[in-house]
Amino acid sequence: ICSGDPGFNLSLSGSEINTTYLLLLDQTVIVATENGTGSPISFGNQSAQGTYSVRAISQNGCITNMTASAGIMVNVLP
């Protein structure tokens, strides 16, 4: 994206009830929790440069790191 752009809406195509989802940027949590609804969920627009991934935590405490990730590169305006 170009510097100053609103970014991309990062989301999951589906979620599980009784599961909490965390959005990470370069392995640091940036969106603390989104609760699973059984439907798609959105983490909102993200515009920081780096690699985004999702971690799921089930109600019994099992932690699963999603296998897919998304990257954003910010191009500085001339």
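The model is a predicted one: local features need pLDDT of at least 70, side-chain atom pairs count only at pLDDT 80 or more, and totals for chains, interfaces and linings use all residues. Residues are numbered from 1 along each chain as its sequence is written, and side-chain values use heavy atoms, with hydrogens and water left out.

Let me begin with the overall dimensions. The C-alpha trace spans about 50 × 20 × 20 Å along its principal axes. The protein exposes about 4900 Å², of which carbon and sulfur atoms supply 52%; accessible areas come from the Shrake-Rupley method with a 1.4 Å probe, and for residues only the protein chains shown count as cover. Of the 78 residues, 27% are buried. Here, buried means under 20% relative accessible area, exposed over 50%, and partly exposed in between (1.4 Å probe, protein chains only). A contact means heavy atoms within 4.5 Å. Among contacts between residues at least 6 apart in sequence, 53% join residues at least 24 apart.

I turn now to strand pairing. Two strands pair if DSSP finds at least two bridges between them. Strand E5 pairs with E2 in the antiparallel sense over seven bridges, and within this pairing leucine 22 stands opposite arginine 55 in E5. E5 is also joined to strand E7 (residues 70–72) by three bridges, again antiparallel; there, threonine 51 has glycine 71 of E7 as its bridge partner. Three bridges likewise join E5 to strand E6 (residues 63–65), in the antiparallel sense, with alanine 56 opposite threonine 64 in E6. The hairpin of E5 and E6 has four residues between the strands, and in this hairpin glycine 61 takes a positive phi near 95°.

Next, the interior. In soluble globular proteins, nonpolar side chains tend to be buried together. A nonpolar core is a set of buried Ala, Val, Leu, Ile, Met, Phe, Trp, Tyr and Cys residues joined through side-chain atoms within 4.5 Å. The largest such core here has 13 residues, and those with the most contacts inside it are Leu12, Tyr21, Leu23, Ile41, Phe43, Tyr52 and Val54. Strands E1 (8–12), E2 (19–25), E4 and E5 (50–58) are the elements that give two or more residues to this core. Leaving aside neighbours within four places in sequence, valine 54 is in contact with residues including Leu12, Tyr21, Leu23, Phe43 and Met66.

A polar atom of the glutamine 46 side chain lies 2.9 Å from the backbone oxygen of phenylalanine 43. This falls under the definition of a polar contact: a pair of N or O atoms within 3.5 Å, where, within protein, one must be able to donate a hydrogen and the other to accept it, and residues adjacent in sequence count only if both atoms are side-chain atoms. Serine 15 is located in the loop between E1 and E2, and it is buried because its relative accessible area is 10%. A polar atom of its side chain lies 3.0 Å from the backbone nitrogen of threonine 37, and a polar atom of that side chain lies 2.6 Å from the backbone oxygen of serine 39. Glycine 38, in the loop between E3 and E4, touches Ser15, Glu16 and Ile17, not counting residues up to four places away in sequence. The C-alpha atoms of glycine 38 and glutamate 16 are separated by 4.7 Å, although these residues are 22 apart along the chain.

Two loop residues other than glycine have positive phi values. Asparagine 18, in the loop between E1 and E2, has a phi of about 65°. Aspartate 26, in the loop between E2 and strand E3 (28–35), has a phi near 50°.

Finally, how many disulfides are there? With a disulfide taken as a pair of cysteine sulfur atoms within 2.5 Å, the count comes to zero. Cysteine 2 counts as partly exposed because its relative accessibility is 35%, and cysteine 62 is partly exposed at 44%.
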